[in-house]
Amino acid sequence: MNTESIITVAVTGASGLLGRPLMSLLESDSRFRVRGAAWSRAGGSLDRVDITAPAAVDAWLDDVKPDVLVHLAAERRPDVYAKDPEAADRLNINATEALALSCAAREVNMLFLSTNYLFDGASSPYISEDEANPLNAYGLGKLAAELAVSAASDKHRMLRIPLIHGPSDSLEESSVTVLCKAFLDTDGPVVMDVWQTRYPTFTPDVAAAITKLLPSLADGTLPGPALHFSADEPFTKRDIGEIMVSYLGMDPARAVDDSRPPSGAPRPKEVKLACPKMDAMGLMKITPFRDAIRITLDSIRDAGGLERSILV
Ligand SMILES: NC(=O)c1ccc[n+]([C@@H]2O[C@H](COP(=O)([O-])OP(=O)(O)OC[C@H]3O[C@@H](n4cnc5c(N)ncnc54)[C@H](OP(=O)(O)O)[C@@H]3O)[C@@H](O)[C@H]2O)c1
């Protein structure tokens, strides 16, 4: 391939659940050159960059000289966000705004990962033009960040995704797999939510879609400003738990329904992201949940993540 057509991609949050499969795909694709930034898990090929420090971010951008930037770094846990909203806002809003402005100043188009928690669940499914009305601080932070990203450049784009899972070394890294912990850690009944409907989405599928849209993000032809990507199989947490524990050889009959709204940060009852733009671009390749979750759980088992959970 002509080196002039190679796209240089910078990725924040490269050590995270979504960042790892994205880095793997980009590193193995000759159309791209990639540099990833991380924080506590930096090292190896990942640069250590505190994205809440604008000078460090600018120095990194000037070193990498990307054509596009995929911004994944964030606090993604609504309950953690609610406990220390100022710290979370610094990461999710302030750092994102500074990054969006720094990218715009360098003519680097940015893809910002956002969430289905922008919506209140009153009229699911949602297209990207529907009005946002977040119910929790995490969703409000992502909305504020989206507005800042849009204001920084009309070539920046948002990609909203729902709950994700994928290859990992621990059950705790995803709100999907963490549901197994109670089954592993106790022998008795396990109370499981049947109130909220979720659309668990496989990180390698999201990473593949991102990889495919990067050329059009780079040349400014990607439709926007926001896009949706989501699996389309609806599940309650109980459904998800039963599928996972059956696969792991435990008794799913230990699950006991809890039909009350979950405690902690408020959540919408159901937010399905409709994905017509990604569909029109042919980017909606979705692995069925039962196949995807086996890959996820196998990776955690292979890494010793199931045994460690039993010892906790
Ligand atoms: N997980 C979900 O279910 C979900 C659902 C919807 C949307 N999203 C969005 O998708 C994106 C990716 O989520 P994810 O689950 O992959 O996140 P994650 O696994 O929690 O990873 C977060 C990443 O942010 C990095 N980070 C944290 N603080 C940083 C700092 N001060 N400076 C630099 N990097 C920092 C972390 O680096 P270290 O680990 O090296 O410290 C890590 O790479 C996020 O924007 C999230 O809001 C996620």
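Start by selecting helix H1, residues 19-27, and colour its buried residues: Gly-19, Arg-20, Pro-21, Leu-22, Met-23 and Leu-26. Here a residue is buried if 20 or more other C-beta atoms lie within 10 Å of its own, exposed if 12 or fewer, and partly exposed in between, with C-beta atoms placed from the backbone. Helices (H or I, at least four residues) and strands (E, at least two) are DSSP runs, numbered from the N terminus. What you have open is a predicted model, in which local features need pLDDT of at least 70, side-chain atom pairs count only at pLDDT 80 or more, and totals for chains, interfaces and linings use all residues. Residues are numbered from 1 along each chain as its sequence is written.

Next, click on Val-11. This residue touches Gly-19, Leu-22, Met-23, Val-34, Gly-36, Ala-37, Val-70 and Leu-72, leaving aside residues up to four places away in sequence; contact means that the C-beta atoms, placed from the backbone, lie within 7 Å.

Which residues have the most contacts inside the largest nonpolar core? They are Val-11, Val-70 and Ile-210, in a core of 86 residues. Helix H7 (residues 203-218) gives the most to this core, with seven residues. A nonpolar core is a set of buried Ala, Val, Leu, Ile, Met, Phe, Trp, Tyr and Cys residues joined through C-beta atoms within 7 Å.

Bring up the ligand next. It is surrounded by 27 residues, and the closest are Gly-16, Trp-39, Ser-40, Arg-41 and Ala-74; a residue counts as near if its C-beta atom, placed from the backbone, lies within 6 Å. Colour this shell by class and you get 15 nonpolar, nine polar and three charged residues. Ala, Val, Leu, Ile, Met, Phe, Trp, Tyr, Cys and Pro count as nonpolar, Asp, Glu, Lys and Arg as charged, and the others, Gly among them, as polar.

Move on to strand S6 (residues 157-161), where five of five residues are buried. Arg-157, Leu-159 and Ile-161 are on one side, with Met-158 and Arg-160 on the other. In a regular strand the side chains alternate between the two faces of the sheet. Show S5 as well: five bridges join S5 to S6, and the two run parallel. Strands pair if DSSP finds at least two bridges between them. Look for Thr-115, which stands opposite Ile-161 in S6.

A few backbone details come next. Most residues other than glycine have a negative phi, and most peptide bonds are trans. Select Ser-124 and Pro-125, joined by a cis peptide bond with omega of about 5°. Pro-125 sits in the loop between strand S5 (109-115) and helix H5 (137-152). The bond from Gly-224 to Pro-225 is also cis, with omega near 5°, and Pro-225 is in the loop between H7 and strand S10 (226-228).

Then find Lys-65, which has a positive phi of about 50°. Lys-65 lies in the loop between helix H2 (54-64) and S4, and is exposed, with 12 other C-beta atoms within 10 Å. For Glu-107, phi is positive too, near 55°. This residue is in the loop between helix H4 (85-105) and S5.

Finally, zoom out. The protein has eleven helices and eleven strands, and its C-alpha trace spans about 60 × 40 × 40 Å along the principal axes. Buried residues make up 46% of the 312 residues.

Methods: Contact = placed C-beta atoms within 7 Å.
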